[in-house]
Amino acid sequence: ALERGIFRTERVVTVRDVFERSPDLPTLNKSFKLLSDDVTCILAGIQKGSRRRICNEYAVGGVGVGGGLGSSNFKLVRHDMDFVQFLHEGGFRIVPVESREKLLATEIDQVPPQQSTNHVFMVAPTAFQSNPDAAEDNHFMSSEGIRDPQVLQRKVVAEFEALHSKLTDKVNGAGLSVHLFTHEEHHDTPDAVFPNNWFSTHTDLEVGECTLCLYPMKAPNRRKERRPDFIDRLHSFSRYTNVYDMTRQENAARPKFLEGTGSLVLDRVNRVAYASISERTDLSLTNVWGRVMNYEVVPFISVDRARRPIYHTNVMMSVGTSVAVVCAESIPDARQRAYVLDTLRTTGHEVVEISMDQVDRFCGNILEVENYYGKPVLAMSTSAYNAFTPDQLATLREHEEVIMDLAT
């Protein structure tokens with residue numbers, strides 16, 4: 001078919017059954033469906049084991065890697081790739097379904113916005129150190145522990161390597177696609193490992209147009225984290241047709257701040273933004289963001305043991321696809337507390353309430369991601385994992401494919 005030139009395209013991908021040749025094995029059109037230019041539906045049974053598929057990619061005029069087809073203009077450019085891996089590298093969202101009937105019936109207008117992602121942007125702690133600018137209102141930051149900066153550096157890099165391995169491992173981990181950067185001392189960005197505070201991304205299914213949001217940061221040295229090479233990488237995906245830049249608020253006569261998904265805990269499926277108001281989460285900016293992004297905003301005040309405002313919302317709560325974790329006791333106002341809990345439940349979330357002791361152990365600072373096969377996975381630190389009760393973990397496991405203790 002390639003030699004005869006029947007394809008009216010510059011790229012062709014062949015998908016092969018290699019490990020099982022059973023006549024019961026579903027053909028490609030009964031196991032895979034392209035819903036849009038970046039969303040696919042796939043039969044869960046063909047994603048792994050003997051039923052997984054292998055593919056080759058051919059391109060017109062491509063630089064061949066061997067195995068070309070005679071005089072055809074198509075050249076083999078990539079070969080023997082796992083089909084799921086090929087889809088991930090192409091930037092496709094994978095929607096797994098359990099039956100052929102469900103596959104054939106699924107259309108793009110039936111696919112909800114994606115709560116969690118398989119692609120993550122990470123900065124290795126290659127120049128990590130304590131940040132006095134951020135410590136002013138981050139009362140969860142510990143000043144105890146390792147004093148020698150070189151010893152601390154080696155420890156955090158070793159922890160990060162283990163974290164990266166577990167997140168990217170397709171067999172025993174989440175199988176995430178990690179876009180990895182480093183930072184150096186001359187960048188003067190000690191907190192660069194938290195890039196979610198200065199940007200967020202949003203799909204067209206979520207907000208109508210693929211959007212990149214840039215946020216105003218309170219600490220002056222954290223504003224340096226918005227490095228041109230980072231932003232260039234985000235734009236290189238050629239997906240973001242809209243940029244919502246709020247960073248000018250840093251230089252206003254009365255500066256206001258809103259620190260990304262630290263300040264905003266998002267329910268992307270139902271377009272609800274939970275925001276604990278603090279010096280880093282300005283109420284007026286939160287409301288403006290909600291109007292622009294067409295989100296309902298649920299603002300409230302949460303406090304720590306000393307009755308000081310909690311600096312970031314994602315310290316005391318986390319929202320997944322169908323489960324949420326929240327420290328309700330940290331919200332002193334009864335009406336605000338009830339509104340947060342009611343909104344979580346009416347949007348279909350089972351709520352796991354945690355204590356202030358558990359907040360101190362980072363049980364609120366957990367994150368749902370989407371694993372290699374499109375299933376929800378809950379990532380958390382060892383401290384958080386050990387602080388959850390057995391009943392709480394059991395509830396979380398009812399909603400998540402895996403709970404990952406990231407040994408940090």
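Modeller: Residues are numbered from 1 along each chain as its sequence is written. In this predicted model local features need pLDDT of at least 70 and side-chain atom pairs count only at pLDDT 80 or more, while totals for chains, interfaces and linings use all residues.

Biologist: Which residues of helix 9 are buried?

Modeller: Helices (H or I, at least four residues) and strands (E, at least two) are DSSP runs, numbered from the N terminus. Buried means under 20% relative accessible area, with a 1.4 Å probe and protein chains only. Helix 9 covers residues 283-293, and its buried residues are Leu285, Thr286, Trp289, Gly290 and Met293.

Biologist: Why do those buried residues line one face of helix 9?

Modeller: An α-helix has 3.6 residues a turn, so residues three or four places apart point the same way. The arc is that of the directions from the helix axis to the C-beta atoms. Seen down the axis of helix 9, the buried residues line one face because they fall within an arc of 140°.

Biologist: And which residue with a positive phi follows helix 9?

Modeller: Its phi is near 60°. The residue is Asn294.

Biologist: Which strand gives the most to the lining of the largest cavity?

Modeller: On a 1 Å grid over the protein atoms alone, a cavity is a set of points where a 1.4 Å probe fits but cannot get out, and lining residues have an atom within 4 Å of a point. Grid points are joined across faces, edges and corners, and a volume is the space filled by probe spheres set on the points; the largest cavity holds about 50 Å³. Strand 15 (317-319) and strand 16 (323-326) are the elements giving two or more residues to its lining. The most, three residues, comes from strand 16.

Key
Heavy atoms only, no water. Buried < 20%, exposed > 50% of the residue type's maximum accessible area, 1.4 Å probe, protein only. 1 Å grid on protein atoms, 1.4 Å probe; cavity = no way out; pocket = protein on both sides within 12 Å on 5 of 7 lines; lining within 4 Å.
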